[in-house]
Amino acid sequence: GIAGITSYTREQNIIVHVDFHWGQDMEFAYLDVKKNLSNFEARENIEKVDVYRFDPNAAPLMTLAFTGDVDRIQATSLIENSLKPKLETIEGVAYVKANGIKRQEVLVEVNEDIMTQYGLTTQQLLDAVKSNTIATAGGVITEGNEEMVLKFISRLRDTEDIRQVVVTVINNHPIHLGELGDISIQGTEDEVLVHQDGQESISLDVYKEPEANAVFTARRVREFTRTLNEQGNYGIKIAVDLSEEIESAISEVVRTAMIGMALATLVLLVFLRNLSATLVVAVSIPLSIIGTFNLMYFQSLSLNIMTLGGLALGAGMLVDNAIVVIENIFRHRQMGKDSHEAAIHGTREVAMAITAATLTTIVVFVPLVYVHGIAGILFKDQAMTVVYSLLVSLIVALGLLPMLAARMGASLEHKQGRI
């Protein structure tokens, strides 16, 4: 199921980007990749292997700015050891990338004269430090059905440990690194500077999982940051939130759909010239939409721009069947039939015609459901929404509207006018 693999090699880390074909079960793929890479952690030259589910080329869903009352070195430690892991446990969050971080580094300034005196080179100093900072496999312990991999780690904890590193031995006298120069701890050079409201800060880019709902994920992250700020003076601010644009776009689609429904109802009132009849037809719109929501729920379709666009597209067509049915019932009322008989015969006469008309419209959208690739991913939800809305509108027109027309009786009398 792998479509391609791309790797990026940088200092002290390697990033491997694995692309899968459309339709691949990403839960299974994630577990499979994680299982195959777990063996690498036992190697002595590999410190840690992380597997994330996100597109590194995609824009982050949110960007948080950390502007607490601590310096950037302390903030970096807090973010990497506490905030970042907690954010990545939020449902829907795949990965959190920190920018503007500042770590501590050890600066060794050697005295060249002393180095020359002992006949030492810079490479010997590096080898001595590396030999005291190791991570090596220590074998496997098997206990029952459990298997544990041992890894021995030796690290230099502070400047005093570094000063005591033995570089070489001359005449049975060990030469320590501290004898060759000055050793100090300082902050790393800034590669990226981040400012929020004119203040130095650290930004956190939050990436969501591909199948996660952007709006719900962003809400969880906002709730998490609100809780943190209430618990302590972290000063976490939301600098960028793409979910707001998504919510705005969805609100605009909903508003447009509502305007379309209102205009459709107004046009009905103008031509039918009967408020009761207009309300009977207008009630088919929300009922059809509610029925469509039920079908969308069972198909695991979420409310997004594409599905709401499908509803807006089908909003005008939702009343077509209802208008044909209610107008034919009017005609039978004018012929002198009572309301029940008019509802039965009026609906029966046009049932086949509106069913055929609805199915021909549905046939246009059905092929989009089976399109592969990007086009299929983009338009499948919209096509299914339109199909569901039309099917539900047909059921409402043939089932509910005749019942309402029969119940309302005389109030649906069609008055002759000049037009």
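I259 is found in helix α7. This is a predicted model: local features need pLDDT of at least 70, side-chain atom pairs count only at pLDDT 80 or more, and totals for chains, interfaces and linings use all residues. Residues are numbered from 1 along each chain as its sequence is written, and side-chain values use heavy atoms, with hydrogens and water left out.

**Overall make-up**

- The protein has 13 helices and 13 strands. Both are DSSP runs numbered from the N terminus: helices are H or I with at least four residues, strands are E with at least two.
- Of the 419 residues in the protein, 33% are buried.
- The accessible surface of the protein is about 25600 Å². Carbon and sulfur atoms hold 56% of that surface. Areas come from the Shrake-Rupley method with a 1.4 Å probe, and for residues only the protein chains shown count as cover.
- Take the contacts (heavy atoms within 4.5 Å) between residues at least 6 apart in sequence: 68% of them join residues at least 24 apart.

**Nonpolar patch**

- I259 belongs to a nonpolar surface patch, together with L263, L266, V267, L269, V270, F271, L275 and L279. Their accessible area together is about 880 Å².
- Two elements give two or more residues to the patch: α7 (242-272) and α8 (275-282). α7 gives the most, with 7 residues.
- Patch members have over 30% relative accessible area and no salt bridge. Nonpolar side chains (Val, Leu, Ile, Met, Phe, Trp, Tyr) are joined within 5 Å, like charges within 9 Å.

**The α7 and α8 pair**

- Two packed helices are described by the angle between their axes and the distance between the axes.
- The axes of α7 and α8 come within 9 Å and cross at roughly 145°. From α7 the contact uses T265, L268, L269 and L272; from α8 it uses L275, A277, T278, V281 and A282.
- Axes are lines fitted to C-alpha atoms, for helices over the stretch in contact; angles run from 0 to 180 degrees between N-to-C directions.
- α8 is mostly covered, with 6 of its 8 residues buried. The buried ones are S276, A277, T278, V280, V281 and A282.
- The buried residues of α8 pack against α7, α9, α11 (320-334) and α13 (373-408).

**Salt bridges**

- Side chains of opposite charge can pair when their charged atoms come close.
- The count is 7 salt bridges, each a side-chain nitrogen of Lys or Arg within 4 Å of a carboxyl oxygen of Asp or Glu.
- E247 forms a salt bridge with R219, with the closest N and O atoms 3.2 Å apart. E247 lies in helix α7 and R219 in helix α6 (residues 214-231), so the pair ties together parts that are 28 residues apart in sequence.
- E247 is partly exposed at 24% relative accessible area. R219 is partly exposed too, at 42%.
- D241 and R222 meet in a salt bridge at 2.5 Å, N to O. D241 lies in strand β13 (residues 236-241) and R222 in helix α6, so this pair ties together parts that are 19 residues apart in sequence. D241 and R222 are both buried.
- E252 pairs with R255, with the closest N and O atoms 2.7 Å apart. E252 and R255 both lie in helix α7, 3 residues apart, about one turn of the helix.
- E252 is partly exposed at 38% relative accessibility. R255 is partly exposed at 45%.

**Two loop residues**

- E211 lies in the loop between β12 (199-208) and α6. E211 is partly exposed, with a relative accessible area of 48%.
- E211 touches E27 and R53, not counting residues up to four places away in sequence. E211 and G92 are 119 residues apart in sequence, and 8.1 Å apart in space, C-alpha to C-alpha.
- Most residues other than glycine have a negative phi.
- S300 has a positive phi of about 60° although it is not a glycine. S300 is found in the loop between α9 (284-298) and α10 (305-315).
- S300 is exposed, with a relative accessible area of 66%.

Technical notes. Buried means under 20% relative accessible area, exposed over 50%, partly exposed in between (1.4 Å probe, protein chains only).
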